[in-house]
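Q: Please take a close look at a single part of this model. Describe how its pieces are arranged, and give the cut-offs behind the terms.

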2 protein chains.
Amino acid sequence: MSQEMKSDIEIAQSCKMKSIKEIATQLNISEEEFEPYGHDKAKLSLSITDRLQGRPDGKVILVTAINPTPAGEGKSTLTVGLGQALHKIGENSIIALREPSLGPSMGIKGGAAGGGYSQVVPMEDINLHFTGDLHAITTAHNALAAMIDNHIHRGNDLNIDVRRVTWKRVVDLNDRALREVVVGLGGPLQGVPRQTGFDITVASEVMAILCLASDLDDLKQRLANIVVAYTPENEPVTVKDLQAEGAMSLLLKDAMKPNLVQTFENTPALIHGGPFANIAHGCNSVAATKMASKLADYVVTEAGFGADLGAEKFLNIKARTGGIDPDLVVVVATIRALKMHGGVDKDQLDEENVEALKKGIDNLAKHVETVRSFGLPPIVAINRFLHDTDAEIDALKTWCEQQGVEVVLADVWAQGGEGGIQLAEKVVKTIDEVESSYKPLYPLNISMEEKIEIVASEVYGADGVEFTENAREQLKEYQRYGWDRLPVCMAKTQYSLSDDPKKVGRPEGFTVTVRELRPAIGAGFIVALTGNVMTMPGLPKEPAALNMDIDEEGRAVGLF
Amino acid sequence: MSQEMKSDIEIAQSCKMKSIKEIATQLNISEEEFEPYGHDKAKLSLSITDRLQGRPDGKVILVTAINPTPAGEGKSTLTVGLGQALHKIGENSIIALREPSLGPSMGIKGGAAGGGYSQVVPMEDINLHFTGDLHAITTAHNALAAMIDNHIHRGNDLNIDVRRVTWKRVVDLNDRALREVVVGLGGPLQGVPRQTGFDITVASEVMAILCLASDLDDLKQRLANIVVAYTPENEPVTVKDLQAEGAMSLLLKDAMKPNLVQTFENTPALIHGGPFANIAHGCNSVAATKMASKLADYVVTEAGFGADLGAEKFLNIKARTGGIDPDLVVVVATIRALKMHGGVDKDQLDEENVEALKKGIDNLAKHVETVRSFGLPPIVAINRFLHDTDAEIDALKTWCEQQGVEVVLADVWAQGGEGGIQLAEKVVKTIDEVESSYKPLYPLNISMEEKIEIVASEVYGADGVEFTENAREQLKEYQRYGWDRLPVCMAKTQYSLSDDPKKVGRPEGFTVTVRELRPAIGAGFIVALTGNVMTMPGLPKEPAALNMDIDEEGRAVGLF
């Protein structure tokens, strides 16, 4: 383990990048399939996947984690590091990640593209405007909002109930003051007054759609299906009714193309799409993952939060919708984080505590069971930290042996791919030796209640699910609309297996309460809310933006 | 004149584009100075202008027009056509245009990048997201807004009066319902409620700043100077007080780089920045115009609306601020538009009417006088239309001869550069023969009232200026803040030389009323409003967006 004190941005700026054209050429991508954005980023044509239709799919490795703690798990760093390590042991690998949102970058210091010597570059661009995908999504989302209010203002032929417009507006910023607003003030020339709000762009259904659409046709069809409002008789009004899907598709035609960048060690990476992992499914795009599986033999990808949210949705929603057949799941943990799940305070983590560790392993155990319940082999990867002791590591290894779980230590932050070679070898060996038999946890033709109950009992370990009266009424309506055949997208706290963020470890004897449902008919799922979900973050007292700047040569300063 | 019925987008899509790299190579731009965005767009490093510091500036030709009418004048088309024509006669020419706003494209059918065989390409990209400059401006503008509301929410150390926050938010869309909004609703965790609104992005002071900044340092300084609010004691609060200029500069660092594209005939074009021509100065960026004048011998550029707004501001604000020394002004008119200034209805324009034409020429005459008052030689360019008669053209030529004004017919929409060769030859000859002696109309060290009076009397032909009591009080405050040494930016109707849009031709015996002033201290001018200015357009009953779509190959459909 290195004790270097270089920051992520310093490391990123020290990277010897290859030109992106060279990276593309190595992937046998032709000039026509490739659009450079500067010398280190590019968009790739969706036709690549069609061209390689006959080639067998590469192996898809999903990286997930225990329930996140303030100690940090380093899931993205591990994902990048594993991709680099596979490359180092001579395998043809590619990484498929989500693209970060600008809002949080301006708020709280913290990168979103891996870290140390396992990050994607150019990290400044990736964390700022990148290739404009999020701006395109913001624009398409808000163009629809403008068309809705214009429709109402111009006579409201569709009979939209102004109290039942569910389509809000979005900005890719943390802006608390926009959470609840009144628009249309100022008299008859300024539109019709009504209360609404703004979400952050990554919470837009357009983002979820972009990430689940297989191609432009499918994108347009899904956009057309979005429900934006209801009539006074509670009948849904869709984008198709407003004839807005063509213009929205036009605004999104370039955003649909996966973005090619590279890692610190020049491993190719596709970074594309990044929906919320609570009110949406929290995975990078189907288009990028499928393209990646045609371009390389091993695809390393990740999903948001812990396995109870990100992996569950990757496997029940994304893989099913996109026809992706995953081969193996890496569950990331750290000794520190496991100790927090065992009840240790954040400021006590540097002290050895084997008992707390053993208790915290229960959380890991549940996620390992979940992976197996989808028919997939799990490997536990431990991101090493300076203060991890041998006794702690031995205790974890002993547990893994007892459970028949593979476990590997990795140190990819400080050592890059080199620090993940053992993990890479284990991944390749397991895929070779263990037959995977991925299957979703539930079929689509059961009721929405049953789907929610299956996820709650099998993934969360809950004793049951309670539905509020409001939720039951909504479900009745959804049945009438024919929406009950969609998969469920659970919106639950990421900090606990239960719906109570304070219950760390592996809680038992709890029920989950579904308070409200929200349809995402374009994306193709029904969101079940088990608590309040924040879809527009605020800025802290001292936002990270205060320290951001450019130097004399126009380079980024203060960005992580 | 051609009678072809091809649409602008059909013509654009038939263009045989050169790769943008080839265009850049022809301009001796090196790989390091050049960032491709796809194969047909690029951003250029500001270091190019520094590298060519020793090279003499190319000649700068400003294209302006008579007061716009519903008949259309074709100023952008003429600008592109003249650039192409100069190329055709063997001159080294380049075009410098504004970049279009997305909002109006979604609203009312109509291109913003020239037309016919005199347009810039790829027109779809230029009219959609282009290289993301407008999205970057939107984001920087709204990040500042979020930081203001967050500052107020987090204790308001700067003592901002929530009733005196002048910084609104922006979207690059036509969205009437956002003109007047209330934000911060929902209780103590959601910010502080206050009334505010949204403008369209091109009305943002950030856009005006980007277009007047000479480099990144100057950009940051100007951003720091923006006044966003006042204290209860009416003291200005600036971006510098909020420490937001660094983050805003970081968000704008790529947007500051001029964009390189080409015309239908492969003439290089820099398209960069596009502020409003009423509450801002209506010209493309200083950075692009200066770079263009280093890259070529002839730069053809344009300014918004008629010469009373666009050219006046180009010459009193942009050229003075940017140290640009223009050489010649082309005043564009059409026989049809002049007949409208002579009182003819729009549906009577196909009929010959020499008397009305003669009367309408008065409007042209005033703009020609204005150009001369800046010490510059004018050339009148007539964009030919099908129904123009010989008698009408003769009448116009006769008037020009009497006034000693050069006049040339052009047909660049249908014929491209070929249709502007006579004009190009006349431009080159005039620049060779006539000594230009550009000087602004007024010095900066006189009072704001005097500056406004000089513009009103010398450019508009007004008898005088009236100031409302409110305006007088504002001017007194501005003097106290030291803002009276800035140039004035007049916000007046574009349809008339007066402040009454109904007074076409050359009105006489009128006064101009200044109702309100708005400081744009970052941009470096004081806006004087003579009427209501719409800074957020609305959508029509049937927005153009309804017809927009993508075809099976993902190409734009229904965009103009």
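A: What follows concerns one sheet of chain A and a helix that lies across it. The model is predicted, so local features need pLDDT of at least 70 and side-chain atom pairs pLDDT 80 or more, while totals for chains, interfaces and linings use all residues. Residues are numbered from 1 along each chain as written, chains are lettered from A and ligands numbered from 1 in written order, and side-chain values use heavy atoms, without hydrogens and water.

The sheet is open and has three strands in chain A, in the order β20-β23-β22, with mixed pairing (strands are DSSP E runs of at least two residues, helices H or I runs of at least four, numbered from the N terminus; strands pair if DSSP finds at least two bridges between them). Its edges are β20 (488-491) and β22 (516-520) of chain A, each of which pairs on one side only. From one strand to the next the twist averages 25 degrees (angles run from 0 to 180 degrees between N-to-C directions of axes fitted to C-alpha atoms, for helices over the stretch in contact).

Strand β23 of chain A (residues 525-529) runs antiparallel to β22(A), and five bridges join the two. In β23(A), A:L529 is the bridge partner of A:E516.

Helix α19 of chain A (residues 448-460) lies across β20, β22 and β23 of that chain, at about 55 degrees to β20(A) (contact means heavy atoms within 4.5 Å).
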